[in-house]
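Work through the exercises below with the sequence and the structure open. Each task is followed by a solution in steps.

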Amino acid sequence: MAKGLDVGTMNILSSAQESSDTVFVQQRNSFVEIEYSDMAEQMLSRSDVLHIRKDDQVYVVGDDALNFANIFNEETRRPMQHGILSSEESSAIPMIKLITEQVVGEPDSPNERLYYSSPADPIDSELSTLYHEKTLESMLGDMGYDPEPINEGMAVIYSELADNDFTGLGVSFGAGMTNVCLAYYAVPVMTFSIARGGDWIDEQTAGATGTPVDKVTSIKEDDFALDFRTDVGGVEGALAIYYENLLDYVIENIAREVDEEDVEEGLDVPVVVTGGTSSPDGFEDLFADHLAGETVPFSISEVRSVDEPMYSVASGALVAARSEEDEETGSNGSTAESNDGSEPEAEAED
Ligand SMILES: Nc1ncnc2c1ncn2[C@@H]1O[C@H](COP(=O)(O)OP(=O)(O)OP(=O)(O)O)[C@@H](O)[C@H]1O
Ligand SMILES: [Mg+2]
């Protein structure tokens, strides 16, 4: 068997095929450091709290970090920032390792193939993804897998554009980044990232309204919609302003980057918007509206959103891993990996 893994700034997800279903396991990519105490001991004895103890300190990682942070009045910390391992977090690697081990589990067989997502280099910052990608590769290798990186935008094409011969523009709006990929018959023609996403919206909104970032994030994730009926001056009003600003920024960059590529004349492609940041109602329409106002050198047949935006990248990584596996074992005719120009088969179903 083979697996997929989405290593994101806010969420880490694995994907595996179990008979006809794709099964996802998800954890928040965050942790909190608390003092060891009787109360901590009591809470941690709940068997499923992911944690490690180091002397008098305990690190609670994943989904439970936020609860523990609230109870113990601590801030959560994040191993990644802007799509890659954070250079400002000294515990980044051991923490991400713990979360990843829990999410992906042991390999089903020695050297099981595992495709893990990796962002493209951002066009608007000096950040490089190389160290991040190589560190994950060796970490996953140590866990017994045979890891292979897959570009995050390309993973979106694999999961969402099977019905269009893996041709179109995929955009993953994450927490730390926005990843863009234009693919033509499963061949990536253009990939890039932008070092802004949901975290940027939260930070800007927090700054503008004087609200703590965590509070802004929960308001945004709760029931925020891009309907522009929200009151001016409140957190929701500010969220809408920065959402719109992020969309414009991404669309401008898409137009500029595509313009520099040799895009086939007469190309008519769908655009898929996904990732956690694309969740609010109204996102797809707002994106389509703003895209229509920009000049791009190809025509756009439609703008689509997806039902489960958090799962697209993990699911696409699995499609890539399984199609390569099928090709190697010869169990399927026309499957291929992403970089040789032939078509993969879309087998993963959500
Ligand atoms: N219902 C929601 N409404 C608005 N935003 C949401 C919602 N659910 C999640 N988000 C936001 O989506 C982002 C997380 O999305 P996702 O899991 O796709 O990112 P990631 O893969 O972890 O990050 P990246 O790809 O940038 O490394 C966060 O900014 C989160 O606040
Ligand atoms: Mg992501």
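**Exercise 1.** Which are the buried residues of helix 2 (residues 64-72)?

*Solution.* The model is predicted, so local features need pLDDT of at least 70 and side-chain atom pairs count only at pLDDT 80 or more, while totals for chains, interfaces and linings use all residues. Residues are numbered from 1 along each chain as its sequence is written, and chains are lettered from A and ligands numbered from 1 in the order in which they are written.

Step 1. Find the helix: helices (H or I, at least four residues) and strands (E, at least two) are DSSP runs, numbered from the N terminus.

Step 2. Apply the burial rule: a residue is buried if 20 or more other C-beta atoms, placed from the backbone, lie within 10 Å of its own, exposed if 12 or fewer, and partly exposed in between.

Step 3. In helix 2, Asp64, Ala65, Phe68 and Ala69 are buried. Seen down the helix axis, these residues fall within an arc of 135° (taken from the directions from the axis to the C-beta atoms), so they line one face of helix 2.

Step 4. The cover over these buried residues includes strand 3 (21-28), strand 4 (31-35) and strand 6 (57-61).

**Exercise 2.** Is Glu33 buried, exposed or partly exposed?

*Solution.* Step 1. Locate Glu33: it belongs to strand 4.

Step 2. Count: 19 other C-beta atoms lie within 10 Å, so Glu33 is partly exposed.

Step 3. List the contacts (C-beta atoms, placed from the backbone, within 7 Å). Neighbours within four places in sequence left aside, Glu33 is in contact with Gln57, Tyr59 and Glu74.

**Exercise 3.** At what angle do the axes of helix 6 (residues 198-209) and helix 7 (residues 213-223) cross?

*Solution.* Step 1. Two packed helices are described by the angle between their axes and the distance between the axes.

Step 2. Axes are lines fitted to C-alpha atoms, for helices over the stretch in contact, and angles run from 0 to 180 degrees between N-to-C directions. The axes of helix 6 and helix 7 cross at roughly 120° and come within 9 Å.

Step 3. Angles under 35 degrees count as roughly parallel, over 145 as roughly antiparallel, 65 to 115 as roughly perpendicular and the rest as oblique. Helix 6 and helix 7 are therefore oblique to each other.

Step 4. Name the residues: Asp202, Glu203, Thr205 and Ala206 of helix 6 make the contact with Val213, Val216, Thr217 and Lys220 of helix 7.

Conventions. Contact = placed C-beta atoms within 7 Å.
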